Every structure is written in structure tokens, then in C-alpha cells.
Amino acid sequence: MIRLDLPRIQGFVVRGYRLPFAGYLFLNIEDAAAAAAWIAEITEDVLTAAPWSRKPDSGVNIAFSYAGLCALELPDAGLAGFPEEFRQGMAARAKLLGDDGDSAPEHWEAPFGTPVVHVLVMISAMSPEALEAHDRQLRARIEQIQGLNIVYDQVGSALAGGAEHFGYADGFAQPSIEGSGVPSLPGQGAIAGGGRWRPIRPGEFILGYPDEEGVLPPAPPPAELSTNGSYLVYRKLHQDTATFRKQLAQAAETYPGGEELLAAKIVGRWRDGTPLAVSPERPDPAIAADEQRNNAFSYGEDPDGMACPVGAHVRRANPRDSMPFEGKLVNRHRLIRRGIPYGEELPPGAEDDGRDRGVIFMCLQASIARQFEFVQSEWFNAGNSFGLGADQDLMLGPQDGSPPDAPGAGNGSAEDKMKMTVPGRPPFFVGPLSRVVSTRGGEYFFVPGINGLGYLSAAAGGGVA
Amino acid sequence: MNHRRNTCGQAYALSVLTPIRDGQEAPLVRCLNDLPEGTGSPLASVAGTHIARWVVIGDVVYEGAGQRRPDHLSAGRLLFTSNFDGPLEPYLQRLCTGLAEVADRIWGHCSGYPGRADPGAFAAYLRSHQLECSLFFAAYGGRTVEQVEHSLTTRRDVIDFALRAQRMGAAELQSAFREVFAA
Amino acid sequence: MPNIEGRATAITVLTPVKRGGPLLLWLVFWAGRNITQTLEKLEKLSFIHFARWAVIKRFPDENGGERLNHSYLIFESNFNGAWEQYIDAFSEVVRLRMQAIWGTSYGFPGPLPVEPFKAYIRHNEFVANHYYSAYAGATTTEIISAARVEPALEELKARAATMDAASFKVAFGEFLTKVQRDL
């Protein structure tokens with residue numbers, strides 16, 4: 001049985017903190033030596049995965065973009081060992097990710113999409129006061145350092161009732177990691193056959209441990225740098241709440257099951273989190289509140305999606321046993337999600353107020369390409385894996401109706417209408433769909449373990465400038 | 001040549017490997033890269049072509065220590081593969097007339113190419129450089145290009161109509177259906 | 001983008017075959033052609049349009065063909081989705097067949113773990129200098145689905161001609177129910 005080196009892994013990789021306030025500081029490094037010294041300092045404050053005796057009021061974690069690792073002047077051999085997608089940075093992957101139109105990097109908030117973003121410092125806090133105090137303390141220290149500057153900041157906070165802006169309770173399904181010490185909940189892991197689940201091998205998320213193939217995931221040398229590390233995807237996703245609500249209401253006008261059921265069909269869970277696969281006809285607060293039950297389900301009995309549509313958001317995010325070959329096509333594409341909403345809620349029934357709100361989407365994995373990018377491009381922004389034609393996820397999909405680079409777009413006109421099928425007798429079609437989520441900025445980061453942070457502060461400045 | 005090996009349903013897999021003339025490899029690569037893509041591709045004029053490609057193979061690849069004897073081709077090769085509506089002979093004719101002068105522009109870089117003036121010689125050249133497949137898989141080998149395109153359009157039309165139909169009463173539905181699908 | 005046309009992705013791989021390999025390959029491909037399981041699994045993987053393998057004993061030329069020290073195995077395929085995902089799926093799902101086919105090539109590290117397998121493919125891959133698809137925007141499952149929608153629609157059209165509006169509305173609902181997995 002694998003045991004993770006918890007005190008040397010940054011905490012949020014292994015467990016969600018359930019601290020409802022978050023602050024994000026993005027830094028730029030101009031002086032590698034000064035940055036290295038600061039990294040050594042802040043390492044002592046970094047929240048690790050070692051079990052807490054009591055929950056802290058606030059804590060800090062830190063991650064680096066490839067541009068940031070270059071700015072630290074690490075040796076070339078180490079830099080070259082990072083994977084291609086990480087080295088390119090998120091903006092260069094726009095086509096693959098469907099970040100076009102409103103989501104295109106040229107529309108991102110500066111300085112996202114440029115090599116200026118080097119370091120991400122995440123503050124997680126119990127209260128706004130604790131957040132502010134910790135933020136002030138960090139800023140004051142950074143202010144004193146020449147050659148280290150804050151170039152962007154962001155705050156996020158949980159909404160009332162643990163929902164996100166489209167009105168759905170969130171955060172139910174997380175993969176359980178073998179060796180994490182976090183108790184496994186039913187439904188969380190990999191399909192083990194015979195309706196059972198097992199935790200996922202840690203190397204799917206944490207470098208230096210065996211993955212689902214039984215080998216160590218590719219990692220940049222030396223092990224001192226990469227072991228206990230992970231990769232973080234950070235995306236600021238704006239949610240056009242007014243349009244989503246309008247789209248839902250309009251579609252519900254002709255949907256026999258009513259708006260709440262239709263809302264559930266889109267996501268695969270009722271608003272309160274009850275899985276459709278478990279309770280297809282009505283939400284069940286008892287189930288939703290019970291972590292032994294709210295994620296314990298599979299789709300084996302529902303291949304046609306009559307209970308939970310094949311294209312529903314949670315089913316796309318984790319198809320479980322609805323793909324053939326007993327989980328082999330699913331187990332290597334799991335994500336650990338750590339996001340939090342941002343922005344004020346739009347009151348029910350209100351017109352769009354032009355304000356910025358959405359979710360700070362974050363996920364962790366050992367391979368950004370095989371996990372995040374794959375899920376985004378193959379499972380959310382496309383339908384072929386599920387036999388859903390050109391259908392995209394209703395919430396995340398660009399809904400632009402034309403495949404990349406294809407002349408004349410699809411086999412019809414460039415205005416191919418996008419839809420989602422809700423299976424039934426007869427089926428119901430939600431559409432024409434328009435984009436309701438757009439990317440406002442993002443980046444790929446490396447989350448070093450404590451040993452990795454030690455390596456960075458020691459090795460910085462060792463490469464060719 | 002066992003043509004059955006190259007067949008799956010009504011689809012045929014043609015693989016042609018022709019030697020590139022001395023010093024002509026780089027010009028050939030440029031020529032291929034310059035071809036218009038998508039619906040403007042010269043292959044769009046060859047009826048029955050599902051998916052096809054030209055690949056320049058400069059030399060074979062050496063695998064290292066386990067392979068005791070390295071290999072080198074005396075000349076680079078141009079690989080042409082096409083998945084098309086069989087049978088072979090009529091397609092070779094269509095390739096000749098459909099590609100027209102592009103055929104000469106491309107295979108003109110290859111040794112022994114007779115030109116397209118004599119379609120019989122053109123076809124014979126390709127056939128004499130053809131590879132036989134050991135295994136050919138076609139996901140929809142029973143469908144011609146026309147059938148594929150037609151049904152894709154039909155499917156698209158059905159989806160668009162189904163979206164509109166949700167707001168229609170019975171009489172409107174039937175008359176709209178008849179209009180859209182000329183029923 | 002190289003090797004990509006709309007939603008279709010091309011891959012071309014050429015590898016040297018070990019001594020005794022061609023005979024083994026003959027058996028493997030015979031099994032592949034005659035034992036439907038292989039082709040069924042490929043179908044279930046649902047992202048391959050066309051795929052082929054061929055063994056090259058002599059590279060065709062004007063002098064009866066050039067023999068190198070080894071025979072060569074060519075693999076050429078057209079599929080939807082990311083290159084790496086494709087290889088991942090092969091590794092995971094048809095592992096034994098991958099071993100049987102490429103195990104006869106020099107340098108093959110085995111289908112699992114997948115990273116060395118991907119590196120091997122990358123090492124032996126050739127870029128398509130020109131890639132064409134007649135229906136570049138369509139995926140394999142769309143094409144297969146469209147083929148099922150068409151006949152069902154024809155049936156419905158026939159009924160539209162003879163029914164009254166109320167009955168047609170019911171028939172239309174039945175049609176949608178029948179083909180919903182293909183829309």
C-alpha cells in the first residue's frame with residue numbers, strides 16, 4: 001500500500017480545505033536571487049497535506065508557471081524536462097481548449113496570456129478578515145523585495161448554500177487518491193469492476209508516485225524538484241448568468257418535465273446535488289447531504305441516458321462506466337477540482353447587470369495534456385466519444401457550431417445550431433444554444449512539493465541567464 | 001495483388017509508393033505543401049475519395065542498438081494513400097482526369113512516371129507501385145462519399161427541424177415537415 | 001496544422017521488422033481479418049475512420065523493387081481526436097494486438113506503459129505533406145449515426161404523405177424516440 005509523503009505535498013493537492021474565502025496573487029520575477037530568497041521564506045508558511053490538529057484561519061500555497069521557472073533561471077536540463085503543454089502556457093493552447101471568440105486570449109484580462117505571470121500565491125481563509133490580514137502581510141513583504149512584483153490579484157468566495165452562479169450545489173465528486181489518508185467515499189475512485197470502486201493510484205495526480213499504469217509519471221529532473229509536485233490549471237471563467245437562466249427558462253416552456261427537471265438534466269444533478277442517476281424524478285435532500293450516497297452511482301443501468309443524459313455535465317466530466325472497456329478509457333483522465341466562485345450573485349429574475357461573476361476553476365493532475373486538456377477538448381467541447389455528434393457541454397461549450405479549421409464548417413452552414421439532447425420518449429432538445437461561459441484568463445502552473453520549493457530556492461540562478 | 005485485402009465493404013484502400021528522382025525531394029515537399037487545402041484540394045476533384053494523403057518518406061528510420069543492420073533507401077519515396085469508393089480501375093481513371101495537371105506536378109518528381117497523357121500508362125504506373133494491405137479497417141465501409149455527405153446533411157436538417165418543431169402545433173408541424181423534407 | 005484536416009487527424013508510421021517478423025505478422029493479420037473481435041474492438045473505439053497496415057518486402061521501383069536489409073511495416077490511419085489519446089486508447093484496450101503487431105518491429109518498447117510507446121510512434125512517424133478529407137468536419141460516430149437517421153426519415157416521410165396532422169405528430173414523436181441516440 002502506497003503512503004504519500006504528506007508533510008511534503010502542498011495541502012490543496014490532496015484535500016479540499018473547505019475554507020470559503022480565497023485570494024490569488026500573481027507575481028512577476030525580475031530578480032531570480034531575490035525571488036529565491038523569498039521562496040525559502042514563504043515555504044515555511046505553505047500549508048501542507050500533513051493532517052491538521054485544527055483548521056487554520058488562513059493558509060498559503062504557491063505555484064509557478066513555466067515562464068516563472070525560467071525567470072528563476074533554473075538549469076536548462078530541468079526546464080527542458082517539463083512537458084510541452086506546460087512550457088507553451090495556456091494561451092498557446094487556445095485552439096485545443098476552445099478558447100476562441102469571446103474566450104480568446106486576446107480578450108483575456110492582462111497580464112494573463114503573457115509570459116509576465118510567474119508565480120501564483122493562493123490564500124485560503126476562513127473569513128474575509130483572515131483573508132485580508134494574510135493578504136496584507138504578504139503584500140507588505142513583497143513590497144520590500146526589489147525584483148518581485150504583484151501583477152494581478154483576484155478574490156473568490158463561496159456563495160450562499162455552496163452553490164455556484166448558475167444555481168447548482170457544487171464540489172461533490174472528487175477522485176479518491178490511494179495513500180492520501182483521506183477516507184474514500186463510494187463512487188469517488190476508479191471503476192474496479194463488479195460495481196465496486198477503488199482509489200486512484202496517486203501518480204495520476206502527484207509526481208513521484210506510481211500511476212494507473214504502475215509506473216512513475218514523466219517528471220522533470222531532478223526528483224528533488226518534481227517528487228510530491230503536481231500541475232495546476234487555473235482558469236477564470238466568467239458565467240453569463242442572465243443568459244443561462246433565459247436559455248433554461250425558454251427551453252423549459254416546451255419541456256413537459258418543467259424547469260427544475262430540465263435544469264437537472266443539463267447537469268446530471270438536481271440543484272441541491274442529488275444525482276439524477278440515483279433519483280431521476282425528484283431531488284432528495286437526504287441523499288444530497290449524505291456523502292456516502294451523493295456520489296455513489298454508476299451509469300451501467302442507464303446506457304441511453306434516460307435517467308441522466310449522456311451529455312449531462314457531470315456525466316461528461318466523469319463518464320464512469322458508460323464508456324466501454326471497464327473504465328480503461330476513463331481512469332487516466334480524472335481531475336482534482338479546487339475552484340471557488342467569484343463575484344456577486346445576480347438576484348433571481350434580474351437582467352444582466354454587466355458585472356463580472358463566475359468561477360475560478362482550478363484542477364490538479366500529473367499530466368495537463370492527458371487530463372485537463374483531454375477532458376476539455378474531447379469530453380466537454382466535443383461529442384464523438386459519447387456518440388453525441390457535434391454536441392458540446394451546454395455550460396462550458398463554445399457553442400460556435402463550427403469545427404476548427406474546417407472549411408465551410410461541418411456539413412451544413414456555418415450557423416450549425418448547437419443543441420443538447422435530453423433522452424426520453426420522445427426526446428427533448430435544448431437549443432439553439434449560445435455560449436454562457438467565457439474564459440477571462442488563465443495559466444498552467446507547477447505546484448512543487450516542499451522538497452521542490454527547497455530545490456527552487458537553492459537552484460535559482462544556476463542556469464544560463 | 002489480392003484486391004480483397006484492400007477492401008472493406010465497398011471501400012478500397014490504395015497505397016502507392018513511388019521513388020523520388022534524385023534531388024527532387026525538397027521541391028516535391030514544397031509542391032505538396034503549396035497545394036490548396038480543404039474543398040480546394042485537388043483531391044476534391046477525384047470523385048469517390050473519402051480521405052487521402054501524400055507523404056514524403058526521405059529515408060527509413062533506424063531503431064538503434066537492437067537493429068544490427070541499418071537500412072537506407074537508395075531514393076526517397078512518395079507515399080500516396082487513398083480510401084475511396086471502389087473498385088480500383090475506375091478510380092485510377094478518375095485520379096488521372098480529376099487531378100489533371102496536378103498529377104504531373106506531383107508524380108513528375110518520381111522516377112518512371114509516364115505522365116497523364118495516356119491514362120492507361122498512368123494507371124499501370126500506380127498499379128506497379130501498389131502495396132497490398134495486410135489489414136484494412138473502414139468504420140463505414142458500406143457507404144460511398146455521396147451517401148456519407150447526403151446523410152450528414154439529412155441528419156443536420158433533422159436536428160434543425162426537431163429544434164423548431166418543439167414549438168409547433170400538429171397542423172403547423174406537418175405542413176412545415178412537408179415543406180422542409182419535400183414529403 | 002500538420003496532419004490535421006477539420007476533425008480528421010492523420011498518422012503514418014513506418015518501422016523495420018525483425019527477422020521472422022513477416023511470418024508472425026502474416027499470422028497476426030490473418031487472425032485480424034478472420035476473427036471479428038479485433039475489428040469489433042476498433043469499432044467500439046469509435047474514433048477511427050479508416051486504418052490500414054501493410055508489410056513492405058520490397059520498395060517498388062523500376063527494377064523489380066528495392067530490397068533493404070529488413071521488411072517494413074506501415075501503419076496509416078485517420079481518426080478523430082488527439083493523437084496521444086488515440087495511442088493511449090490502443091495501449092489500454094487492444095494491448096495484446098499492439099504487442100503482436102509492433103512486437104515484430106525493432107525498438108518496440110511494448111504497448112504499456114504508454115509513454116515509451118508514444119515516444120516510439122513519434123520517432124517513427126512521418127508527417128502528411130497533403131491531407132484531404134471529403135467531409136472534414138464530421139466525426140466517425142456522426143457519419144455512422146447519419147446512416148441510421150436517413151432510412152428512418154424516409155419511413156417517416158412516407159407516413160407524412162398519408163396521415164392526418166394529429167397522427168403525424170404522434171408519428172414524429174415516435175421517429176425522434178427511435179433515432180434520438182443518433183441525433
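Tutor: Start with one cut-off: a residue is buried if 20 or more other C-beta atoms lie within 10 Å of its own. Keep in mind that this is a predicted model.

Student: Why is A:N228 called buried?
Tutor: A:N228 has 28 other C-beta atoms within 10 Å. The cut-off is 20 or more, so A:N228 counts as buried. This residue lies in the loop between α8 (223-226) and β7 (230-239) of chain A.

Student: How do you know whether A:E73 is buried or exposed?
Tutor: A:E73 has 20 other C-beta atoms within 10 Å. The definition says 20 or more, so A:E73 is buried. A:E73 sits in the loop between α3 (66-71) and α4 (76-80) of chain A, and its phi, near 60°, is again a positive value in a residue other than glycine.

Student: Which residues does a cis peptide bond join, with omega about 0°?
Tutor: That bond joins A:R425 and A:P426. A:P426 belongs to the loop between β11 (420-422) and β12 (428-430) of chain A. Another cis peptide bond, with omega about -5°, links A:G431 and A:P432; A:P432 is in the loop between β12 and β13 (437-447) of chain A.

Student: What makes helix α3 (residues 83-93) of chain C mostly covered?
Tutor: Eight of its 11 residues are buried, and among them are C:Y86, C:I87 and C:F90. The cover over the buried residues of α3(C) includes α13 of chain A, together with β4, α4 (95-102) and α5 (114-123) of chain C.

Student: How many residues of chain A are in contact with chain C?
Tutor: 29 residues of chain A are in contact with 35 residues of chain C. On the chain A side, helix α13 (residues 369-380) gives the most, with five residues. By class, that side of chain A has 14 nonpolar, seven polar and eight charged residues.

Student: How many residues do chain C and chain B bring to their contact?
Tutor: Chain C brings 68 residues and chain B brings 69. Of the side of chain C that touches chain B, the largest share comes from α6(C), with 13 residues. The residues on this side of chain C divide into 42 nonpolar, 14 polar and 12 charged.

Student: How many bridges hold for strand β2 (residues 8-17) and strand β4 (residues 71-80) of chain C?
Tutor: They pair in the antiparallel sense over 10 bridges. Within this pairing, C:T12 stands opposite C:E76 in β4(C).

Student: How many helices and strands does chain B have?
Tutor: Chain B has six helices and five strands.

Student: Why is chain B called more spread out than a compact globule?
Tutor: Its radius of gyration is 22 Å, whereas the globule rule gives 16 Å for 183 residues. The value is well over the rule, so chain B is more spread out than a compact globule. The C-alpha atoms of chain B fill a box of roughly 75 × 45 × 35 Å along the principal axes, and buried residues make up 44% of the chain's 183 residues.

Student: Where are the domains of chain C?
Tutor: The domain assignment gives domain 1 (4-123) and domain 2 (140-182). Taken over C-alpha atoms, 40 Å separate the centres of these domains of chain C.

Technical notes. Residues numbered from 1 in each chain as written. Chains lettered and ligands numbered in written order. Predicted model: local features only at pLDDT ≥ 70, side-chain atom pairs only at ≥ 80, totals over all residues. Domains from an automatic or database assignment. Helix = DSSP H or I, 4+ residues; strand = E, 2+ residues; numbered from the N terminus. Buried ≥ 20, exposed ≤ 12 C-beta atoms within 10 Å, placed from the backbone. Contact = placed C-beta atoms within 7 Å. Nonpolar A, V, L, I, M, F, W, Y, C, P; charged D, E, K, R; others polar. Rg over C-alpha atoms; globule rule 2.2 N^0.38 Å. Pairing = 2+ DSSP bridges.
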